[in-house]
Amino acid sequence: MSESDIVISMRDVVKTFGDQVVLDGVTFDVRRGETVVIMGGSGCGKSTTLRHLVGSLNPDEGSVEVFGRDIAMLDEAELNEVRKRFGILFQSGALFNSMTVSENVGLILEEHTELDASIIDMMVKIKLELVDLREAAEKYPAQISGGMKKRAGLARALALDPEILFYDEPSAGLDPVTSAAIDQLIIDLTTRLGVASVVVTHEMDSAFTIADRMVMLHHGRVLMNAPRAEFERLRDYPEDQIGELNEDHRLIRQFLRGDPDGPMTDHGAGGNSYANDLLGIDNSKLTGGRSVQSTRNSASGQGFWRKLFSWRAVK
Ligand SMILES: Nc1ncnc2c1ncn2[C@@H]1O[C@H](COP(=O)(O)OP(=O)(O)OP(=O)(O)O)[C@@H](O)[C@H]1O
Ligand SMILES: [Mg+2]
């Protein structure tokens, strides 16, 4: 992999809320075609990290470069152009309830391309086929299961052929079989489409299935950034030899194994909605009573993204 493969570069990012240092010099890269899993205990700064990567927060110190551009330096229009190259999978799918699955996926294409309705129709079918959801195309979100919503959200995230996909807890709340199917989908999309994926997850089985590389955060610091195999080695490190590990590695081992005892002691609350969590917006505003027509008519053609990204970066 060369430098030119780097699509995201987070450098020494410090972020403070009030007097709490939430990110304390976070540095890592994401390369084209790889899946990076960000993990760590509740409150360690995972969602805050993602919010920096999508430009909803700007660092106090350090920088975030996406496609070689420092996103804190971009104006609103430039940021929107960069975001068109992202796909974001919301925890709940964040679909518009008043629109069918097809319409949810097609909306983005209508807003961001000049394509004919018949071409959009075809593209929607292709995206739904990719996530194995053709049969639910004409259903409304209320008529499909949680796993199907997640896949519909993914089809929508894929609508504009993104180069980077962001996922926050993609398997949260799903049964093990559905969760494994979503994992397989993430792997397939990464290998078939060559997209880079950044995944926040607490599910260790899932993390070890999908990750090429893992970034472990602890109290706003990167404790370890390494290929999956190195994390596997720590996870499987024999109990009778853990005296050989340093404190950080013991902590990582405990986290990966889910052991109740060990150096990791911070157990805060977790499980916020993705939209709230990552984007700082109220999920109900996304799903409540919006019609296709009102969104189609948005004068600027940026209506959807404006809703999703209405929070504009906080300095
Ligand atoms: N906008 C904000 N204002 C003030 N504090 C915040 C803000 N966003 C996050 N924090 C704080 O920063 C810390 C890290 O939050 P973050 O949401 O990044 O954690 P997380 O690793 O995603 O946790 P979880 O696994 O529970 O989702 C928490 O203590 C949180 O309360
Ligand atoms: Mg979070």
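How are α3 and α5 oriented relative to each other? I took this up as my opening entry. The model I am working from is predicted.

**Entry: α3 and α5**

I looked up helix α3, residues 101-112, and helix α5, residues 146-157. They pack at an angle of about 25 degrees. Their axes are 8 Å apart. Angles under 35 degrees count as roughly parallel, so α3 and α5 are roughly parallel to each other. I also noted the handedness: the crossing of α3 and α5 is right-handed.

Next I listed the residues that meet. From α3 they are V101, N104, V105 and I108. From α5 they are A152, A155 and R156. By class, this contact of α3 with α5 has five nonpolar, one polar and one charged residues.

**Entry: α8 and α9**

I turned to helix α8, residues 228-235, and helix α9, residues 247-257. Their axes come within 8 Å. They cross at roughly 90 degrees. Angles of 65 to 115 degrees count as roughly perpendicular, so α8 is roughly perpendicular to α9.

I wrote down the contacts here too. F231, L234 and R235 of α8 meet H249, I252, R253, L256 and R257 of α9. Sorted by class, the contact of α8 with α9 has four nonpolar, one polar and three charged residues.

**Entry: S47**

Is S47 buried or exposed? I found S47 in helix α1, residues 46-53. S47 has 23 C-beta neighbours inside 10 Å, so S47 counts as buried. The cut-off for buried is 20 or more.

I then checked S47 against V200. They are 153 residues apart along the chain. Their C-alpha atoms are separated by 7.7 Å.

How values were computed: Residues are numbered from 1 along each chain as its sequence is written. Chains are lettered from A and ligands numbered from 1 in the order in which they are written. This is a predicted model: local features need pLDDT of at least 70, side-chain atom pairs count only at pLDDT 80 or more; totals for chains, interfaces and linings use all residues. Axes are lines fitted to C-alpha atoms, for helices over the stretch in contact, and angles run from 0 to 180 degrees between N-to-C directions. Helices (H or I, at least four residues) and strands (E, at least two) are DSSP runs, numbered from the N terminus. Angles under 35 degrees count as roughly parallel, over 145 as roughly antiparallel, 65 to 115 as roughly perpendicular and the rest as oblique. Two residues are in contact if their C-beta atoms, placed from the backbone, lie within 7 Å. Ala, Val, Leu, Ile, Met, Phe, Trp, Tyr, Cys and Pro count as nonpolar, Asp, Glu, Lys and Arg as charged, and the others, Gly among them, as polar. A crossing is left-handed if the near helix is turned anticlockwise from the far one by less than a right angle, and right-handed if clockwise. A residue is buried if 20 or more other C-beta atoms lie within 10 Å of its own, exposed if 12 or fewer, and partly exposed in between; C-beta atoms are placed from the backbone.
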